[in-house]
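Here are my notes on this one, written as numbered points. Have the structure open while you read.

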Amino acid sequence: MPDPDERPEKEFAEEWRDAAYNCFSSGHKFCREVCPVMQVTRNESWSPTAFHANVVAMEKGELEVADVAADYVNCTGCGACEVRCPNSLFTGDFYRFRTRTVDLVKAVRGLAVEQGVHQPGWRRWNQLTDERRHEPVLDGTPVDQGRVRDWAEGLELPIGGESILFVDCEAAFVRTSVPRSVARILSLAGYEFGLMNEQWCCGGPAAEMGYDEQARRFARHNLDDWRAAGVRRVLVLDPHDYITFTEDYPRYFGDAYDIEIVLVVELLAELIREGRLTPHVPVERTVTYHDPCRLNKRKGVWREPREILRAIPGLTFHDVDRVSQWSYCSGGGGGLPVEKPELTAKISEQRVGKAAELGVDTLVSACPWAERPLSDAGRARSIDVVDLHELLAESLGVSP
Amino acid sequence: MTYRHQEEMSPPPARRVTDVAITRFEHVYEVEPALMTEHVTQQSFPNWDTLRLVRSRADHLAWMHRHFAGKVISGEELLHDLDE
């Protein structure tokens, strides 16, 4: 019989016990009502509180990771539970100790993979990503390294340079009009940028699903590629990439990580403020804005997208404030659509339902990964889902 | 905001406020770090994360007032009411 003190769960619990008890002993559970998975399932085993309580049980030898690994699938990584938790919101900055459910979920998923406990969909997804260097986003049609820059055909963008535009797998292979819009807008403003020499997936999805070694290997490749080309600045249009480059990469590379990361939506708002971009073509739509979770909840970025929308003539904008949107989500993150597409669909239906209550014809998003499930849900209610960058391009008179 | 790792991991110098509290950003107070070395140790906290929480707290409190407060009264008024 293995020594109970040598169990991997015991070692894991040593790292996470303070966080777990911080949650478990508080018990206020404000997280439950802002959690998108809880909202549509009411399953207490899938609540942020349960995710922490399990660590207490692991420490006491009552649980092995195999017992609960499947529960940890049920998280989109949206960060609502973290920001709404009083231990973050009211005391996190004071103690420099906040609730980190998203990191905990990733860590448990990583522990499960280490122990050989796999979720079948995630295992296949990451295996294909490893083979192809990009996520298998084309529903059966293989993605291909040779086609990663096809979205930019005809735009005559250089390779390399001080600033490069990184395009996530969904946008590079599926939502190609989004990066094309971004490229056209930046060119219109006279902002110089190029493309990466040999772009691989950022590695963020592998990290989210527990495949840490793969995530680090992909990150290493991308950083080496940037350095080899003399890249100093990476422009990011996808909120998921932005998280990966500003949270995962710093953890992997520490002080050696010297690349500037710029969020495109913030850059565009700045270019409008400076008068380098002036939206002038009226866009006659009645819209509301979907705050991408990774911008609003996890990064506190919510003003700039609204600045852009308010600069577009012709729009009738029914805004819902950022705090109300802490409980909104598309369900498209954290690998949930890979393992449980039915849950993603329910969460998206709920989100589009909120938009329908406002009487809008368009839901504007700024996240390529949210747009597929939201569009599916929008069709049933005759609500268009449009990307913010595309909308701005239209008002600037540049077609993708 | 442009993310630069070195800048994010270099907080402004601390100024002592009391025996148990310091401040690094205007109107933002932190526990004296020496008190967080034994039972619960502090986490790595980039500057953006501190400011995100501070701003989220202000936004949340304003949201609570908009949704649930009929009027805002001072603590002094509350104490006065209790005394009567």
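**Notes on the two chains**

1. Start where the chains meet: 25 residues of chain B and 26 residues of chain A make the contact. (Contact here is two residues whose C-beta atoms, placed from the backbone, lie within 7 Å.) On the chain B side, β1 (2-3), α1 (5-8), β4 (28-31) and α2 (47-68) each give two or more residues. The biggest giver there is α2(B), with 10 residues. Helices (H or I, at least four residues) and strands (E, at least two) are DSSP runs, numbered from the N terminus. Sorted by class, the chain B side holds 11 nonpolar, 8 polar and 6 charged residues. For the classes, Ala, Val, Leu, Ile, Met, Phe, Trp, Tyr, Cys and Pro are nonpolar, Asp, Glu, Lys and Arg are charged, and the others, Gly among them, are polar.

2. Before going on, some housekeeping. This is a predicted model, in which local features need pLDDT of at least 70 and side-chain atom pairs count only at pLDDT 80 or more, while totals for chains, interfaces and linings use all residues. Residues are numbered from 1 along each chain as its sequence is written, and chains are lettered from A and ligands numbered from 1 in the order in which they are written.

3. Strand β4 (residues 260-263) of chain A and β1(B) run antiparallel and are joined by 2 bridges; strands pair if DSSP finds at least two bridges between them. Look for A:Val262, which sits opposite B:Thr2.

4. Chain B has a sheet of its own, an open one with 3 strands in the order β2-β3-β4 and antiparallel pairing. β2 (15-18) and β4 of chain B are at the edges with a single partner strand each, so one side of each has no neighbour in the sheet. On average, neighbouring strands are turned by 45° against each other, direction ignored. β3 (residues 21-25) of chain B pairs with β4(B) over 4 antiparallel bridges, and B:Ala21 faces B:Val31 there.

5. Chain A splits into domain 1 (4-114), domain 2 (144-270) and domain 3 (278-396), with bounds from an automatic or database domain assignment. The centres of domain 1 and domain 3 of chain A, taken over C-alpha atoms, are 28 Å apart. Where these two touch, 15 residues of domain 1 of chain A meet 16 residues of domain 3 of chain A. On the domain 1 side, α3(A) supplies the largest share, 4 residues. That side divides into 9 nonpolar, 4 polar and 2 charged residues.

6. Now a helix pair: which helix does α12(A) cross at roughly 45°? The partner of α12 (residues 177-188) of chain A is α22 (residues 388-396) of chain A, and their axes come within 8 Å. Axes are lines fitted to C-alpha atoms, for helices over the stretch in contact, and angles run from 0 to 180 degrees between N-to-C directions. Among the residues that meet are A:Ile185 and A:Leu188 in α12(A) and A:Leu392 and A:Leu396 in α22(A). The contact has 7 nonpolar, 3 polar and 2 charged residues.

7. Last, parallel strands in chain A. β7 (residues 362-365) of chain A is joined to β5 (residues 286-289) of chain A by 3 bridges, with A:Thr288 partnering A:Leu363. β7(A) also runs parallel to β8 (residues 384-387) of chain A, over 4 bridges, and there A:Ser365 partners A:Asp387.
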